[in-house]
Amino acid sequence: MLYKFCPECGKKLRMRKMWDEGEVPFCDGCDIAWYEHPAPCIITLAVNQFEEVALLRQDYIMENNYVLVAGYIKPGETAEETAFREVEEEIGVKLDSISRVRSFAIPEKELLMLGYVGFGDKVDLNLSTEVDSAVWVPAKEALEKLKGSEIAYRILEAYLEDPEGIRRSADEKRQFLPERE
Ligand SMILES: [Zn+2]
């Protein structure tokens with residue numbers, strides 16, 4: 001969002017040249033430049049030991065299409081912590097490891113989505129109230145079901161290109177993960 005008024009004091013902002021950033025809305029009262037930033041969020045493909053992936057239906061996001069677990073990063077959280085938290089909250093799966101595959105910019109929604117593949121044991125999916133339904137689907141059959149959801153499709157596609165490599169990379173990154181009780 002390009003701010004017109006200061007979010008702190010409500011004063012009208014003026015455009016001020018900020019070095020390499022060019023002209024940025026600036027509050028003379030607070031002495032703060034209000035840069036435009038996308039909101040960071042995560043999207044995670046959860047994979048179990050049988051090479052099945054968790055597909056969700058969330059009609060409030062997209063009707064008649066499967067999606068993946070996704071959510072906003074809260075202040076103070078790392079992206080990995082968000083991925084672990086959201087997967088557990090939305091479908092009841094405790095991940096053991098994750099690997100980031102790529103990120104996606106969605107300028108029209110002012111989002112930066114960080115795409116992860118997360119690995120955890122197969123459990124009965126225990127859904128939050130935000131999720132209408134969820135199923136484990138063999139990874140290779142899931143591509144067809146994600147055709148209506150481009151980012152989810154691309155993450156699964158990236159996973160299917162190198163499932164062993166991504167699992168190994170997730171294993172190697174365990175030291176960066178949130179502590180599990
Ligand atoms: Zn201000």
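Trainee: In which loop is Glu110 found?

Mentor: In this predicted model, Glu110 has a positive phi of about 55 degrees although it is not a glycine. Its relative accessibility is 35%, so Glu110 counts as partly exposed. As for its place, Glu110 is found in the loop between E8 and E9.

Trainee: Which residues does Arg167 touch, not counting residues up to four places away in sequence?

Mentor: Arg167 lies in helix H4. At 27% relative accessibility, Arg167 counts as partly exposed. Not counting residues up to four places away in sequence, the residues that Arg167 touches are Val47, Asn48, Gln49, Glu51, Phe119 and Tyr159.

Trainee: What distance separates the C-alpha atoms of Arg167 and Asn48?

Mentor: Asn48 is among the residues that Arg167 touches. Along the chain, Arg167 and Asn48 are 119 residues apart. The separation of their C-alpha atoms is 11 Å.

Trainee: Why do the buried residues of H4 line one face of the helix?

Mentor: Helix H4 comprises residues 163-172, and Gly165, Ile166, Ser169 and Ala170 are buried in it. Seen down the axis of H4, these buried residues line one face because they fall within an arc of 135 degrees.

Trainee: Which residues are exposed on the other side of H4?

Mentor: The buried residues of H4 have cover that includes strand E8 (95-106), strand E9 (111-120) and helix H3 (150-161). On the other side of H4, the exposed residues are Glu164 and Glu172.

Trainee: How many Å apart are the end C-alpha atoms of helix H1?

Mentor: Helix H1 covers residues 79-91, which is 13 residues. At 1.5 Å a residue, the helix should span 18 Å. The model agrees with this expectation, for the end C-alpha atoms of H1 are 18 Å apart.

Trainee: Against which strands do the buried residues of H1 pack?

Mentor: The buried residues of H1 are Ala79, Thr82, Ala83, Phe84, Arg85, Glu86, Val87, Glu90 and Ile91. They pack against E4 (39-47), E5 (52-57), E7 (69-72), E8, E9 and E10 (133-138).

Trainee: Which residue just after H1 takes a positive phi?

Mentor: Helix H1 runs over residues 79-91. Just after H1, a positive phi of about 75 degrees is taken by Gly92.

Trainee: What pattern does the chain follow, read along the sequence?

Mentor: The secondary structure of the chain comes to 4 helices and 10 strands. Read along the sequence, these elements follow the pattern β-β-β-β-β-β-β-α-β-β-β-α-α-α.

Trainee: What percentage of the contacts with a separation of 6 or more is accounted for by residues 24 or more positions apart?

Mentor: The C-alpha atoms of the chain fill a box of roughly 60 × 40 × 30 Å along the principal axes. Of the 181 residues in the chain, 42% are buried. Among contacts with a separation of 6 or more, the share from residues 24 or more positions apart is 58%.

Trainee: How far apart are the mean positions of the positive and negative charges?

Mentor: The chain exposes about 10,600 Å², with carbon and sulfur atoms supplying 49% of it. There are 23 positive and 36 negative charges in the chain. The distance between their mean positions is 4 Å.

Definitions and conventions. Residues numbered from 1 in each chain as written. Predicted model: local features only at pLDDT ≥ 70, side-chain atom pairs only at ≥ 80, totals over all residues. Heavy atoms only, no water. Helix = DSSP H or I, 4+ residues; strand = E, 2+ residues; numbered from the N terminus. Buried < 20%, exposed > 50% of the residue type's maximum accessible area, 1.4 Å probe, protein only. Contact = heavy atoms within 4.5 Å. Areas by Shrake-Rupley, 256 points an atom, 1.4 Å probe, with all protein chains shown as cover. Lys, Arg positive; Asp, Glu negative; His and termini not counted. Charge placed at Lys NZ, Arg CZ, Asp CG, Glu CD. Arc of directions from axis to C-beta. Expected span 1.5 Å × (residues − 1).
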